[in-house]
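Good morning, and thank you for coming.

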Amino acid sequence: MTKPFSQNNKSGLTRELIEALFPMFEEASAGAIAVDRDARITWINASYAALLGLPDPRGVIGQDVRGVIPQTRMHEVVQSGQPLLLDIMEHDTQQLVVTRLPFFNEDGDIMGAVAFVLYDDLQPLTPLVSKYRRLHQDLVAARKALARKTRGTRYSLGDFVGASPAALEVKRRARLASGRDVPVLLLGETGTGKEVLAQAIHSASGRADRPFVGVNVAAIPENLLEAEFFGVAPGAYTGADRRNRDGKFQLANGGTLFLDEVGDMPLALQAKLLRALQEGEIEPLGSNKVVPVNVRVIAATSRNLEVMMAEGSFRSDLYYRLNVLEIPIPPLRDRLPDLGVLCEAILEDLCEGLELRGEITDAAVSALAGYDWPGNIRELRNVLERALTMGEDSGRLDADAIFKVLPRGGNRPSPSLVPRPIRPLAQTLAEAEGQAIEEALVASRGNRTRAAKLLGISRSVLYEKLARMS
């Protein structure tokens with residue numbers, strides 16, 4: 001194997017020093033890579049190439065590292081000259097623990113950087129992760145206490161649990177939305193976590209220290225919606241208070257207004273909402289005075305607004321005003337790889353404050369995966385809570401405990417058995433091997449070290465087989 005560096009330098013964190021440490025780091029890591037001062041790949045070892053699913057490592061030499069590893073931060077290291085000693089990087093469905101180090105020439109100029117994958121799963125960091133979770137629980141409790149006293153948020157992006165490609169795409173768009181002060185439209189079925197995501201976007205935005213005000217349009221009688229949105233002037237109608245009553249726009253001024261189930265808004269109010277968004281001002285009910293407001297709107301709906309526009313029940317101009325940045329949230333049945341981590345997070349929350357440690361077996365997760373989840377994550381939480389309540393005090397949920405509370409309807413039908421033509425033995429064996437590897441990865445929840453043990457092969461052999469399958 002060729003050496004990643006060929007010159008020796010004598011000052012600072014130089015190639016010579018890194019070369020001395022390189023064999024030790026490479027042997028102890030799951031992969032290693034080197035880039036030049038322009039963040040172009042100059043070297044990558046076979047282990048890292050297999051981890052990334054690259055059939056030929058030589059094919060990426062000279063390429064920008066971001067084109068090969070989209071979530072990398074190597075370009076930051078070569079630009080700043082500062083190391084990133086410990087970071088968790090998401091790549092596809094994997095979570096890699098990496099360290100990145102810059103190196104310099106004898107004049108102190110940045111020459112490039114190296115990175116090592118310390119762990120290809122988070123299991124060795126269980127004590128650290130457990131400590132982080134305890135601290136996170138304390139933080140969540142403090143946020144909940146604060147939320148009861150003020151109009152704040154309880155959720156951050158970390159509360160949207162999942163590492164499947166679908167979940168990662170939602171998080172990517174949410175991060176994009178938090179950095180841009182534009183209207184956001186969340187599309188998803190009921191129970192998919194639209195309000196969690198709305199609060200997460202607000203809490204990561206420049207308006208985080210300002211109010212977050214949510215209103216469920218479907219839960220308010222139609223004749224009260226205008227007053228709820230825009231407020232009421234004194235004596236606006238018989239029985240009205242003699243004082244001004246602020247609406248949601250005034251309460252959210254400077255912050256974020258979350259419009260849940262915006263598709264249920266009547267046409268008359270849609271026109272007034274559009275004007276408020278366009279002009280940045282509202283007129284309270286019964287008042288001739290215009291009040292300026294500055295709010296960022298995040299809207300959400302479980303309805304198909306494009307169909308509603310075609311039917312004439314939703315204004316197209318309001319739709320285009322709200323839908324500047326769209327975030328589709330997939331239903332739970334389309335992100336079943338997240339079931340395991342979702343169950344762990346929900347059980348942890350359900351058991352908080354109780355002398356109970358919630359656990360769920362792999363067989364129980366498989367049982368959950370056979371259901372369609374029309375109620376999505378909200379229904380999943382209900383099923384787990386019922387299973388805990390009906391079970392013994394151990395807090396351990398197995399498949400039997402799940403089947404006792406899982407609704408009988410909604411299971412996905414098994415595919416019909418269709419005779420297949422006879423194929424070459426090599427093709428049949430290759431498919432059987434691929435299926436066995438896939439089942440092992442599912443059983444180990446993506447942990448490749450455990451999957452290799454289940455298959456009775458070494459981790460390096462598993463990586464080779466995965467590289468051939470890609």
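I begin with H75, which counts as buried because its relative accessibility is 15%; buried means under 20% relative accessible area, exposed over 50%, and partly exposed in between, with a 1.4 Å probe and protein chains only. This is a predicted model, in which local features need pLDDT of at least 70 and side-chain atom pairs count only at pLDDT 80 or more, while totals for chains, interfaces and linings use all residues. Residues are numbered from 1 along each chain as its sequence is written, and side-chain values use heavy atoms, with hydrogens and water left out.

H75 belongs to helix α4, residues 74-80. Helices (H or I, at least four residues) and strands (E, at least two) are DSSP runs, numbered from the N terminus. What does H75 touch, leaving aside its neighbours within four places in sequence? It is in contact with A39 and R66, where contact means heavy atoms within 4.5 Å.

Let me turn to helix α18, which spans residues 448-455 and has R448, A451 and A452 as its buried residues. Seen down the axis of α18, these residues fall within an arc of 100 degrees, so they line one face of the helix; the arc is that of the directions from the helix axis to the C-beta atoms. K453 and L454 are exposed on the other side of α18. Just after this helix, G456 takes a positive phi of about 75 degrees.

Finally, the protein chain as a whole. Its secondary structure comes to 19 helices and 14 strands, and 43% of its 470 residues count as buried.
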